[in-house]
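Welcome, and please have your viewer ready.

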Amino acid sequence: MERPRHQGMAKNTYMRWRLPLVCLLWEVAMIVLFGVFVRFSPEADAHWEEEKRDMNLTSDMENDFYFRYPSFQDVHVMIFVGFGFLMTFLKRYGFGAVGFNFLLAAFGIQWALLMQGWFHSFKSGKILIGVENLINADFCVGSVCIAFGAILGKTSPIQLLVMTLFQVTLFAVNEYILLNLLHVKDAGGSMTIHTFGAYFGLTVTRILYRPNLEQSKDKQGSVYHSDLFAMIGTLYLWMYWPSFNSAISDHGDAQHRAAINTYCSLAACVLTTMAFSSMLQKKGKLDMVHIQNATLAGGVAVGTSAEMMLTPYGSLIVGFICGIVSTVGYVYLTPFLESRLHIQDTCGIHNLHAMPGLIGGIVGAITAAAATEDVYGKEGFIKAFDFTGEYKTRTPSVQGGFQAAGIVVSLLMAFAGGAIVGAILKLPVWGDAAAENCFEDDIYWEVPEDEESDAYHMHNPDKPASP
Amino acid sequence: MERPRHQGMAKNTYMRWRLPLVCLLWEVAMIVLFGVFVRFSPEADAHWEEEKRDMNLTSDMENDFYFRYPSFQDVHVMIFVGFGFLMTFLKRYGFGAVGFNFLLAAFGIQWALLMQGWFHSFKSGKILIGVENLINADFCVGSVCIAFGAILGKTSPIQLLVMTLFQVTLFAVNEYILLNLLHVKDAGGSMTIHTFGAYFGLTVTRILYRPNLEQSKDKQGSVYHSDLFAMIGTLYLWMYWPSFNSAISDHGDAQHRAAINTYCSLAACVLTTMAFSSMLQKKGKLDMVHIQNATLAGGVAVGTSAEMMLTPYGSLIVGFICGIVSTVGYVYLTPFLESRLHIQDTCGIHNLHAMPGLIGGIVGAITAAAATEDVYGKEGFIKAFDFTGEYKTRTPSVQGGFQAAGIVVSLLMAFAGGAIVGAILKLPVWGDAAAENCFEDDIYWEVPEDEESDAYHMHNPDKPASP
Amino acid sequence: MERPRHQGMAKNTYMRWRLPLVCLLWEVAMIVLFGVFVRFSPEADAHWEEEKRDMNLTSDMENDFYFRYPSFQDVHVMIFVGFGFLMTFLKRYGFGAVGFNFLLAAFGIQWALLMQGWFHSFKSGKILIGVENLINADFCVGSVCIAFGAILGKTSPIQLLVMTLFQVTLFAVNEYILLNLLHVKDAGGSMTIHTFGAYFGLTVTRILYRPNLEQSKDKQGSVYHSDLFAMIGTLYLWMYWPSFNSAISDHGDAQHRAAINTYCSLAACVLTTMAFSSMLQKKGKLDMVHIQNATLAGGVAVGTSAEMMLTPYGSLIVGFICGIVSTVGYVYLTPFLESRLHIQDTCGIHNLHAMPGLIGGIVGAITAAAATEDVYGKEGFIKAFDFTGEYKTRTPSVQGGFQAAGIVVSLLMAFAGGAIVGAILKLPVWGDAAAENCFEDDIYWEVPEDEESDAYHMHNPDKPASP
């Protein structure tokens, strides 16, 4: 039974040949490129026994797998369940939220393994991958999931795959500039993941501005149970964020410290979010949108500095501020951005990722600039900022300057890249829906006939469930 | 649109200034106290390289982070998703269950880091925190989540924050008496977390007795999907409980053993819960309330003894008994407590935490008293009960006596503390709801207008969704 | 209030005495057998300090617990949340899906510890268990969860417990033949878990064929929110599958490699599933059934070969193929199996486990046969296939032959075992429901009165929620 309100569809959202074509083409490309380039790193290769001997390692425990795999799995959950379910808050877009996030992330991690591999793990013509590459691929895709949040409900799966292709590429370039050319520290990705991903997504949604979006306004809200599904996403992001920010830090104290700082920042963030959510609403009631999102800003904002000696109280302060900034953003800034700047930001990523990401970059720059040998210890100081080789003589204040430059580069890459990709996505060939059909799973998904109404009305046999 | 039934509200539940004030005040206090007191432990500090040399460690793997971080993350999930979702079974209190649990736990872990830090990690004027402190803070908050279960749906968020402040304080004192003064073993917290938390909560709910609670009786039940949300909480608690009971045990065999014992106890508990759930109901049908709760009693009841040589079959026996005790409690004891003793226990924590916690304390005392050098080995015996220093000459039977004393102390602390805190919470300034508005998110939360009914009725265009 | 459509029940589904009897009897048997046989392995025993000295180990980190516990927890989540929630897609069988899965798995892991223990961990009259035994027990139960998928909604809890008893027994025998007699590698269980479990379940459901099942056809579908609950199961299975396939591999490179291969295979599988889901449907829309299931086939299909040098691109190819095979199976094969072969496969395990399991066995045989010392290194080659002792002279091609023999043995065991167990389950004493009451929780569960309809209609005070 076709639902009547779809009869007015002006746009061709028929996916039958286009979506399979894109999926298969790109997967075949992945196989070919992996075949040519990707091999196991020494720690995942069967020659490991010899490697161990060469490196004088006495225990299999020294394999990087055991240092990072638990954190990898937590990050993996954040990308697929965290982001996926966070976006299920929309009443009729749960399939799209969790399903398209699944699709773009599954493609994105493959492409990210290649792109990041060419830049960072390329040896004698091969990309050698291990668990750290898997984490980095998940990180890279995280920035795409963030951008997805801005355009949620308004794009076709093909557009998402196209965006993923380009955004992963740009991410890898930006990451290379920051980490290798500017020698910037950003283990939790305040700049590379959040600032870049969010401003990229906001630029894309600006380009894809839909003037008639109020036609689907009734579907932009949540229902009771969809808000609970979204809380699954929120909590997994919140709980595992310490793993996110510590996953690729140096072994030992750096991973340990990053987890503690993130834990503290997130805890503080919850309290200020609750405070301002209640304060900014006339009736003083808490708003699920804030709880679902702004509570996470504290994790974003210590992404750069968590592995540094930010200290627990420093982390609390950052979380304190970001809960406020993010909640205020949801109340005042998101409506402003939509009405004045024509930026339609479905999930409010400006409040959750863009502003906290910028704050995170700045906090990182300050923390780096304020570093002293006294606080870090002589060896710890060099290890923390990798002041070796050609960077042997770099001072903390110079490092702080480069950190700040990293923010600017990430912003420029995001704006320029977002503009170009937005323009590409605007082409009328990708099968996006008309304004009145946005935020509606029925366009791209087989949605079960609502026999549920049958279940709910089974006590009323005289009231038919469907006409 | 204001819903008509709220017009009868007699109490002032307006949170706009009170809740933000409490949240901000307490978070500022946390920042100040963290600034004065909290620093990184040597294993999380950038001086770790020097520490490693001093301690003659050859590998970063020896950092406690790698011994405990995976368990920490599991415990973290139990506190926020486990307890949070377990309490979403109420049909219209899902936001409050998962949201208030989030709020109180986020505040509680900060305050617990301080309180437990002063007692256990205080060195030269500073609290030095590492991953074990994070676990202990989560544990401490676990006892607050338990108490929350008794008063679920009947208290304002401010009351919960006040309760958290006091309960965490008392928890830390009780824990100090047990672990340091009595030298009692309680790695999984049968006494410190479950017995204390549950009897504390039951005392509070007794003091806050609401004679007219039947006015909101229609909201005290579950609906189909809310029961499934609750099962998410149940399963995460059940699956990760081996991590909970082993998280702070000694490295090596103790952690290993604690996980195995807990795994066994929980498995047995499921079978007896199912058996008695069916047996105690005339129609022989299973009751979701039992499955959601009583299946977990086996984890509570090996909290003290899991790291000891309880043995797998000993664990099965404990789980076997607790599934029965807990299920029988739900069927017969909870109604009795409510009608005769005026203890309104929303989640039935008496059955899930109080009785199994007591059993856990007793099993721990017996297991300790029965310990022999033969079973533990000479070194293992000393290590398992920490019979060193001033406790060098303590015998197992004396240890068993002290374990039993620990139960009594925990009970006394719970009753006394619960009575005082209950009296404080009874003050008419905290904004709790009237009896007819209990178990209803609408009081403290922006609840989405039920456009869902629109979704369900979309086939009936002639039947309006809202009047 | 009894629902009218249950009045026609022809069969006796009354569980009150039968279910408790079975549960209690079997749990008592477990306690007795554990008491006689099960003890801690040296790494979980309090004598570990002496063991460490004897084995010349310098760090507690060398305890197998730290190599495998994080993976164990991931596997544990897959069994209880993964399989449990994957099966909640049915609109009115969520309690049964997650609850009966909980019951059978909790019993199954205990019996599996015994059965597998007798075969693999039996020393001087005792079964010595450690974390690897817990993983193997979960694995064994995984095969029962798979079989449960075929008969979901059509069997009583007693039938499930009886099936678990027999299937675990047969699993252990089959596993012993493969791993010990044929010396086959199958760390992720393509053959032992998936092929065996799926064909066993399919045979059982064939024997239990219900000719009038279309009477409950209206309940065989999903509703919007039940599909989202099922996605929780899907994603946890998908995300943690790298842990599943690497959990019991050798320490070091083998675990590392198995995780990477599985990650790659699963990523590719998502893309071809999406492609074919859209392509095989006239309207080109995606089908949740495919996304929930076929995306996982890539994990099944590298179960044997993931720890071998399959290489990342090899894994992509396997995932690519299995997404297609599995999706095509759902569209064409499942209806065919039902109408022609009378195999009623509720969850489509033939597409998710049977065919990909066979492919996995074949891929494993080929990968083993193609192994060379050049690719694995001299030591790595011996270690990977355990070519020591009496297998010192076995060549890769011979190993490939034995791997292939393992597939055949697993199939034979599944068909024979399934036929016998199916015949036992057909006895009219187990309390299964009539055809018109299948896929309905109300038979075995207390289902909340649908006050939900009250919640949805609260805006319509003039329309009563229940008659």
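Which residue of chain A forms a salt bridge with B:Arg53? Select A:Glu379: this residue pairs with B:Arg53, and the closest N and O atoms are 2.7 Å apart. A salt bridge here is a side-chain nitrogen of Lys or Arg within 4 Å of a carboxyl oxygen of Asp or Glu.

Before going on, two notes on conventions. This is a predicted model, in which local features need pLDDT of at least 70 and side-chain atom pairs count only at pLDDT 80 or more, while totals for chains, interfaces and linings use all residues. Residues are numbered from 1 along each chain as its sequence is written, chains are lettered from A and ligands numbered from 1 in the order in which they are written, and side-chain values use heavy atoms, with hydrogens and water left out.

**Stop one: chain A against chain B**

Show chains A and B together. The count between chain A and chain B is three salt bridges. The rule also finds 31 residue pairs in polar contact across this interface, both residues at pLDDT 80 or more. A polar contact is a pair of N or O atoms within 3.5 Å; within protein, one must be able to donate a hydrogen and the other to accept it, and residues adjacent in sequence count only if both atoms are side-chain atoms.

About 7700 Å² is buried between chain A and chain B, with carbon and sulfur atoms giving 69%. Buried area is the accessible area (1.4 Å probe) that two parts lose on being put together, summed over both.

**Stop two: chain C against chain B**

Now select C:Asp442 and B:Lys285, a salt bridge whose closest N and O atoms are 3.9 Å apart. On the side of chain C that touches chain B, α4(C) gives the most, with 12 residues. That side has 52 nonpolar, 16 polar and 19 charged residues. In total, 87 residues of chain C are in contact with 88 residues of chain B.

**Stop three: the axis**

How are the copies related? A rotation of 120 degrees with 0.0 Å of shift along its axis superposes chain C on chain B, with an RMSD of 0.0 Å (least squares on the C-alpha atoms of residues with pLDDT of at least 70 in both). That is the relation of a three-fold axis. Select C:Pro70 to find the C-alpha of chain C nearest the axis, 3.6 Å from it. Only 16% of the interface residues of chain C are also interface residues in chain B, so the copies meet through different surfaces.

Methods
Contact means heavy atoms within 4.5 Å. Helices (H or I, at least four residues) and strands (E, at least two) are DSSP runs, numbered from the N terminus. Ala, Val, Leu, Ile, Met, Phe, Trp, Tyr, Cys and Pro count as nonpolar, Asp, Glu, Lys and Arg as charged, and the others, Gly among them, as polar.
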